[in-house]
Amino acid sequence: MHCTAFLTCLLTVCLINQVSGLETVTGKYGDTVEIPCNNGRVVEGLVKWKYDVDGNILVKSVGQNASISNDTNYKNRVGIKQDFGLIIREVTMADQKTFTCMVVGKNDIFEYPVQLVIYKLPSQPRIINQTTVMAVGKLTKLAQCRTESANPAANITWFKNKTPLLSDGTAIKISTTVDVDKATGLSSTKSDLEYTAVKGDIGANFICQIQHIRSANMDSSPLIFTVNYPTENVSLLVVSQGPYKEGDNVTLKCTADGNPPPSSYIFYIKGEKKTVENSNTYTLTNVTRESTGEYKCSLVDSEDMAASLPITVEYLDVNLSNTGQIFKGVDMRFEMTIDVKASGTPQTSWRKDNTKLDGLPKFDKLKYSDSGVYECVVSMAGLKKTRTFELIVQGSPVIKNLIKKRGVGSVNKVLTCEAEGFPKPTVQWSVNGTDVVETAYVDGTVTYSITIVPKVNLTVSCTVSNALGSVNKSINVSPLLEDLTIAKQDQKDDHSDQTTLAVGIVFGLILAVLAIGLAYWLYMKKYRQGSWKTGEKENGSAEESKKLEENQSQKADV
């Protein structure tokens, strides 16, 4: 009776002293774990560690050594601390259970249960069964992502360009399974991704990410897939930069937007089909103006899928009515004509000896200064043609001027002969002299000078000549003393000329007076005859006649 009452009382005390919630200790798989007993507040009595109902591990009394049981699971892996905490080495998933620390005192029995939780980090993500090609519009199994030996089980999420993929059961299918190893109790997670590609997935990055409560997220290496899609458009272009001119090689390039691109194409060259294998280019060699036209290319297996473009071969033909050296006589008429044939509108410019001209060379009367090299430049659309000719104005020599003058401060005379002609005239003087000077030959004109000292009166001739003829001209040259005499004589001659001029003027005035008197006499005579006819008095008429005769007599005396 008493024993039964004691046991009942002891059980009641134990239940009262039990903690309402279990204490939890977390341990990493394979590490050593310490499980406390009443947080180390055990000062006397006997301590017994057990698990489940009958799983005794060890017993230890205060001040005595611990007694370890023969449990094969813990015999070699457990120990007890000074404060009666339980030590378990190399914990596994089998150790994830409730351990109880039972403390038997003098009057009471206390139990302190502790839940041990084991975790293990997952392995790095591993990609298997990866494909390399996706077809647009077709559901394709891309890859499987795996992680192993984790507790709790890891989660796997798929990403495309850092955006998580969600399974919709149609375009995207994600299948995830978790397997638990019976021997270790650890979990492995695998996830299969099926994906329907679009053209925008070209170059997209796919990754799988491992997520676990005890570790940071772990990403797989990026997965990049080739995206195949059919051709929708064909384009044709010219590889070389225009404009295209005669003699050029023009390369056509046909491209299709499908992937993989076609390996063969058909080029339509002036209506003729040209099929090229393993290439997408065709070269037109040494094109001419007849190559201008429409060009086309298409797919071999679908000629309706084609593209075309026009090509214009630019040309420029320039011809002058005369080329090379052109000889014309001075004072002749000359006009250059130009014939231009081009594929567009050309620009024409003229230059003479590097000086720009206003237009086409045209002369009604050629001068020696019109001689020179003329250059015509015609340009258009990247083309440029240059044509030149040399105009040579020629003529027999002409002496434009032959003059003499006295040398400065001396008795010398300087004779200057200015000649014009082409080829350049040469000079021959009829006398010898010094300081023979020749000016530059410019625009068909050259000047020759010679210095002489005349002792007597001379007649000096200047003869100029070229291949077309010769001409001469003379000039009188006197010594310096005779020049001074002639100068004085010239002054006297000038004075005599002035006297003669004065006498002439007086004589002219006298003649003018006589003419006026004669005219008056004739007038009066006629008037008198008129008076006779009208019966005027004879006395009056006689008197007037007498006055008239006296007047005439006075004029005659003068």
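What follows is a short tour of some strands, loops and ring contacts in this structure.

The model is a predicted one, so local features were taken only where pLDDT is at least 70 and side-chain atom pairs only at pLDDT 80 or more, while totals for chains, interfaces and linings use all residues. Residues are numbered from 1 along each chain as its sequence is written, and side-chain values rest on heavy atoms, with hydrogens and water left out.

To start with the overall make-up, the chain holds three helices and 43 strands; both kinds of element are DSSP runs numbered from the N terminus, helices being H or I with at least four residues and strands E with at least two. Of the 558 residues in the chain, 33% are buried (under 20% relative accessible area with a 1.4 Å probe, protein chains only; over 50% is exposed, and in between is partly exposed). A contact means heavy atoms within 4.5 Å. Among contacts between residues at least 6 apart in sequence, 57% join residues at least 24 apart.

Now for the sheets. Strands of a sheet pair through backbone hydrogen bonds, either parallel or antiparallel, and here two strands are said to pair if DSSP finds at least two bridges between them.

Ser-264 stands opposite Glu-277 in E24, and Ile-269 has Glu-272 as its bridge partner. Two residues lie between the strands of this hairpin, where Lys-270 takes a positive phi near 55°.

Six bridges join E13 (residues 155–160) to the antiparallel E17 (residues 206–212), and Ile-156 stands opposite Ile-210 in E17.

The loop between strand E5 (67–68) and strand E6 (78–80) includes Arg-77, which counts as buried because its relative accessibility is 18%. The Arg-77 side chain reaches the backbone oxygen of Glu-90 at 3.2 Å. Beyond its neighbours within four places in sequence, Arg-77 touches several residues, including Ile-87, Val-91 and Asp-95.

Aromatic rings turn up too, with 11 aromatic pairs in the whole structure. Rings of Phe, Tyr and Trp (its six-membered ring) pair if their centres lie within 6.5 Å; planes under 30 degrees apart are stacked, over 60 edge-to-face and the rest tilted. Tyr-74 and Phe-99 make an edge-to-face pair, 5.9 Å centre to centre with 85° between the planes. Tyr-74 lies in the loop between E5 and E6 and Phe-99 in strand E8 (residues 98–104), so the pair ties together parts 25 residues apart in sequence. Both of these residues, Tyr-74 and Phe-99, are buried. Elsewhere, ring pairs link Phe-334, Trp-350, Phe-363, Tyr-374 and Phe-389 into a cluster.

Conventions: A polar contact is a pair of N or O atoms within 3.5 Å; within protein, one must be able to donate a hydrogen and the other to accept it, and residues adjacent in sequence count only if both atoms are side-chain atoms.
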